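Colleague: I would like to go through this protein term by term. Please give the rule behind each word before using it.

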Amino acid sequence: MSWLDALSRIEDLEDAEFDAGLVTDFERRSDVAISRPIRFSTPTFKEYESSELEGCGKNSFPAFSITAGECGLNCDHCQKKILEPMIPATNPAMLDEKVRRLIETEQLSGFLLSGGSNRKNEISYGRYMPIVEGLKRDFPELKIAVHTALLDERRAKEMESAGVDNVMMDVIGAQETIEQVYKLQRPVDDFEETLAALCTTSMQVTPHIVIGLHYGQIVGEEYALDMVSRYDVNALVLVVIMPFYAKPGTFVTPETSDVGRIFLEARERIPDQQVLLGCARPPGMHKRVTDAYAIMAGLDGIAFPADGAVSVAHTIGRPFEQAHSCCSIKVGSDLKIRLQSSFAA
Ligand code: SF4
């Protein structure tokens, strides 16, 4: 039975429309996908439960914003809304106090430090680094991730010295996207230089690429993949633009088939490092199809997998595991399930 026929038998996907040519391309490269396990991550900074996997129910990996809801860029795709669910930590003492309290009360295992950027797409974390250093001294097991925005080597080294474990940044591959969506006057090369600076450290480097960032069109994704493929990153995280954060009518939702083709490109250009599907992507049936493509393309992990994801993995014979952590920083593997293939070709 072909993968396309097998997908039509999955109850959660019975109304899904798959691109037959794309599914055939995935199946042609099936050895790439089924030779590696996939991790389904359920981080706890939003509530989660699918029909197949459970959330962990503890606030064990929250995100903090050092600017609360403020940001100097107000990009067209985000309009600062990504900051809203984060826990405000607008001064270093507040971060210290909140983290220590969560360690005591919620068994905090790690956190993401983020925030809005200034008009140059930089975030001033400098005064928070002594707090990070103190937390790592007192709780060496705590995993700390930072969303860096653009920076130079000196600031990358500062984060490394403080004990930051994992750094994330958005890699943008098209000048028009930087200027129009971010309204930022900086060249594409500055994004690559930030990646290069981070890769001079021993921190785990996890760049992100937002598929459809240019108002829902596919414009700079392939060049962004080229940039990432030139560095020894820990993992690449792909996310899909979510137009409901934007002004109505300014963004279209990318076709799932375009997203699936980027997954295929990513897997081919970055064969040896982890390529993960991060938490941001359009919901509903779009998400179910996107997640099915990610599993068939051979991506290594999915955050908040949609209903049907476990069945797709099972159907094509991919082993999987569930982890309660941010997808790009694995801090726990609470439940490991290995499935044998039930797919009969
Ligand atoms: S994407 Fe980042 S820089 Fe742009 S508005 Fe949102 S928080 Fe600010």
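Colleague: What share of the 345 residues of the protein counts as buried, and what makes a residue buried?

Modeller: A residue is buried if 20 or more other C-beta atoms lie within 10 Å of its own, exposed if 12 or fewer, and partly exposed in between, with the C-beta atoms placed from the backbone. By that rule, 49% of the 345 residues count as buried. This is a predicted model, in which local features need pLDDT of at least 70 and side-chain atom pairs count only at pLDDT 80 or more, while totals for chains, interfaces and linings use all residues. Residues are numbered from 1 along each chain as its sequence is written.

Colleague: How many helices and strands are there, and what makes a stretch one or the other?

Modeller: Helices are DSSP runs of H or I with at least four residues, strands are runs of E with at least two, and they are numbered from the N terminus. The protein has 12 helices and 11 strands.

Colleague: Why is helix α4 called roughly parallel to helix α5?

Modeller: Two packed helices are described by the angle between their axes and the distance between the axes. The axes are lines fitted to C-alpha atoms, for helices over the stretch in contact, and angles run from 0 to 180 degrees between N-to-C directions. Angles under 35 degrees count as roughly parallel, over 145 as roughly antiparallel, 65 to 115 as roughly perpendicular and the rest as oblique. Helix α4 (residues 92-106) and helix α5 (residues 129-138) pack at about 20°, with their axes 9 Å apart. That angle makes α4 roughly parallel to α5.

Colleague: Which residues meet there, and of what classes are they?

Modeller: From α4 come Pro92, Leu95, Asp96 and Val99, and they meet Ile131, Gly134 and Leu135 of α5. Ala, Val, Leu, Ile, Met, Phe, Trp, Tyr, Cys and Pro count as nonpolar, Asp, Glu, Lys and Arg as charged, and the others, Gly among them, as polar. The contact therefore has 5 nonpolar, 1 polar and 1 charged residues.

Colleague: What makes α5 roughly parallel to helix α6?

Modeller: Helix α6 covers residues 153-162, and its axis makes an angle of about 25° with that of α5, at a distance of 8 Å. That angle makes α5 roughly parallel to α6. The contact joins Met129, Val132 and Glu133 of α5 to Glu158, Met159 and Ala162 of α6. Its residues divide into 4 nonpolar, no polar and 2 charged.

Colleague: Is His208 buried or exposed?

Modeller: His208 lies in strand β7 (residues 204-211). With 20 C-beta neighbours inside 10 Å, His208 counts as buried. Leaving aside neighbours within four places in sequence, His208 is in contact with residues including Val171, Val237 and Gly278. The C-alpha atoms of His208 and Val171 are separated by 6.0 Å, although these residues are 37 apart along the chain.

Colleague: How do you know that Pro282 is partly exposed?

Modeller: Pro282 has 18 other C-beta atoms within 10 Å, so it falls in the partly exposed class. This residue lies in the loop between β9 (274-277) and α11.

Colleague: Is Lys183 buried or exposed?

Modeller: Lys183 is exposed, with 12 other C-beta atoms within 10 Å. Its place is the loop between α7 (175-180) and α8 (188-198). Phi of Lys183 is positive, near 55°, in a residue other than glycine.

Conventions
Contact = placed C-beta atoms within 7 Å.
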